[in-house]
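Reader: I would like to see how the labels given to this model follow from their cut-offs. Please go through them one at a time.

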Amino acid sequence: MTGFRRATMAALALLVAGCPQVAPPDYGPYRAHMPRSIVVLPPLNETTSVDAPYAYLSTVSRPLAECGYYVLPVAVVDAFMKENGLPTPGEMQAVSLEKLHEVLGADAVLYVTITAWGQKYRVISSDTVVKAEVKLVDVGTGTTIWTGTAFGQQSSSAGQTDPIAILISAVITQVLASFTDPAHDLARTANGAMVFNPRQGLLLGPFHPRADEDVRGRAAE
């Protein structure tokens, strides 16, 4: 297991421990249209952070690939679409599935909408929040085969009770945020937790060595 996967599973364990149990989705349509290749289009952005779409985009390919899917290189897809008169994520996501299949040849497309990104400052602390709504659509039929939410939140005061220490941590976090984007690393963890969620995540894809052991949704076949 890679370091990234270990970190993801550790983060997922914390998330699951603090969340109510939710019924797993219907994996029947997913099984019926199991993709081998996925194209991820640049996300729509509902936040005020202009850097959010491409910062998020850089974090999503790895967990999808580790889950057993071939992911078309996101930078190549983005450049190709811009060169062909589609300069914004909104225009790219408006391209028909038929055209996506004809030009890119992917089995499924992942649509992403970012709804929260960046830091929220409080009196003596700050929180970094990332949230993105995603859906995986079968290119051939237009069927939405899976939906998910990538969510992560990290507080500068986590694990601290001393008000002075909390204040110092908040100041340090704000200073560092002026040089780096803490939401970028948080998005990486959030995406991993979303993809590998044992109850609601993606099914293990055809290129995963343990794909045959993933029994979710098989009873509906």
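Reader: What makes the charged end of Lys 135 count as sitting over the ring of Tyr 111?

Author: A charge sits over a ring if NZ of Lys or CZ of Arg is within 6 Å of the ring centre and within 35 degrees of the ring normal. The charged end of Lys 135 is 5.7 Å from the centre of the Tyr 111 ring, so the distance falls within the 6 Å limit. The model is predicted: local features need pLDDT of at least 70, side-chain atom pairs count only at pLDDT 80 or more, and totals for chains, interfaces and linings use all residues. Residues are numbered from 1 along each chain as its sequence is written, and side-chain values use heavy atoms, with hydrogens and water left out.

Reader: Why are Tyr 27 and Tyr 30 called a tilted pair?

Author: By the ring rule there is one aromatic pair. Tyr 27 and Tyr 30 have 6.1 Å centre to centre and 45° between the planes. Rings of Phe, Tyr and Trp (its six-membered ring) pair if their centres lie within 6.5 Å; planes under 30 degrees apart count as stacked, over 60 as edge-to-face and the rest as tilted, so the pair is tilted.

Reader: How do you know whether Tyr 27 and Tyr 30 are buried or exposed?

Author: Buried means under 20% relative accessible area, exposed over 50%, and partly exposed in between (1.4 Å probe, protein chains only). Tyr 27 has 4% and Tyr 30 has 0%, so both are buried.

Reader: What makes Asp 78 and Lys 82 a salt bridge?

Author: Their side chains meet at 3.2 Å, N to O. A salt bridge is a side-chain nitrogen of Lys or Arg within 4 Å of a carboxyl oxygen of Asp or Glu, so the pair qualifies. Asp 78 and Lys 82 are four residues apart in helix α4 (residues 74–83), and are therefore separated by about one helical turn. Asp 78 is buried at 10%, whereas Lys 82 is partly exposed at 39%. The count by this rule is six salt bridges.

Reader: Why is the link between Thr 59 and Asn 191 called a polar contact?

Author: The side chains of Thr 59 and Asn 191 come to 2.8 Å. A polar contact is a pair of N or O atoms within 3.5 Å; within protein, one must be able to donate a hydrogen and the other to accept it, and residues adjacent in sequence count only if both atoms are side-chain atoms. The distance is therefore within the limit. Thr 59 is buried, at 1% relative accessibility.

How values were computed
Helices (H or I, at least four residues) and strands (E, at least two) are DSSP runs, numbered from the N terminus.
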